[in-house]
Every structure is written in structure tokens, then in C-alpha cells.
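Me: Could you show me how to read the aromatic ring pairs in a structure, taking one step at a time?

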Amino acid sequence: MNYISYFKFKGTLNNDSKYPALSLIAFILKIIAIVYLVVGLLGTLIMSFVWADEAGEMAQLLGYRGFNFKSALSSFFFSLFGGIIITILIFLLIWAYAELILVLMDIENNTSKK
């Protein structure tokens, strides 16, 4: 199965549709989903480094000598994996809303034909 074909915009902007506003909304939702995915993954990576630094310094405040690398490393990986999972889930939800609009438009189109 070709997973790249899922991310095409074919049929999103349908000019001959009875509902051009819904087609436009579906297209905008797909653009928002892609932008959210890119920004979310970059933000997750950046914030993982920031939280790792803060966790290492917080361990120092709790009585450890110097910067605690174990605390920083565990904080980095937990925040990285958690952020990636949440970002992908939200991306899929936004993309699914756009696809739902298109499916409902297709259903209406097929049932209205004689």
C-alpha cells in the first residue's frame, strides 16, 4: 500500500460541487494539519531540550551535585516521545475532519444522482 497517496489533495477543491465552501474548508483543514504537524514536531524537539535542561538543574536544587544527566536524559525522552505522539494524534484528528467533510460530500453526490 502506498502511504504517500493518502497525503494528496486530489478532490479537495471541487469546483463543480454544490458546496464550494465545504470544499474550501476541507482544503484549509488539510493545510492546517500539515502546518501543525511540522510546527508541532519542531516545537516538541526544541522543548525537549529545554525541559531536559530544566530537569537537570532541578535535580541540582534537590541536593544532587552538579547537573544530573540521568534526570535530564529521562526528561528529554519522555517529553520527546510524548510530544510526538500527541502531535501525530492531533494531526490525524484535523486530517480526519477534512476527510469527513469530503466523504459526506461524496455520499450526498452519489445519493442525489438518478
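**Reading aromatic pairs**

Reply: Phe91 and Trp95 lie four residues apart in helix H2, so about one helical turn separates them; helices (H or I, at least four residues) and strands (E, at least two) are DSSP runs, numbered from the N terminus. Please keep in mind that this is a predicted model, in which local features need pLDDT of at least 70, side-chain atom pairs count only at pLDDT 80 or more, and totals for chains, interfaces and linings use all residues. Residues are numbered from 1 along each chain as its sequence is written, and side-chain values use heavy atoms, with hydrogens and water left out.

Me: What makes two rings a pair, and how many aromatic pairs does the rule give?

Reply: Rings of Phe, Tyr and Trp (its six-membered ring) pair if their centres lie within 6.5 Å, and planes under 30 degrees apart count as stacked, over 60 as edge-to-face and the rest as tilted. Here that rule gives four aromatic pairs. In one of them, the ring centres of Phe49 and Phe76 are 4.9 Å apart and the planes stand at 40°, so this pair is tilted. It joins distant parts of the chain, since Phe49 belongs to helix H1 (residues 20-61) and Phe76 to helix H2 (residues 69-112), 27 residues apart.

Me: Is Phe76 buried or exposed?

Reply: Buried means under 20% relative accessible area, exposed over 50%, and partly exposed in between (1.4 Å probe, protein chains only). Phe76, at 12%, is therefore buried, whereas Phe49, at 51%, counts as exposed.

Me: Which residues form one aromatic cluster?

Reply: Phe49, Phe76, Phe77 and Phe81 do.
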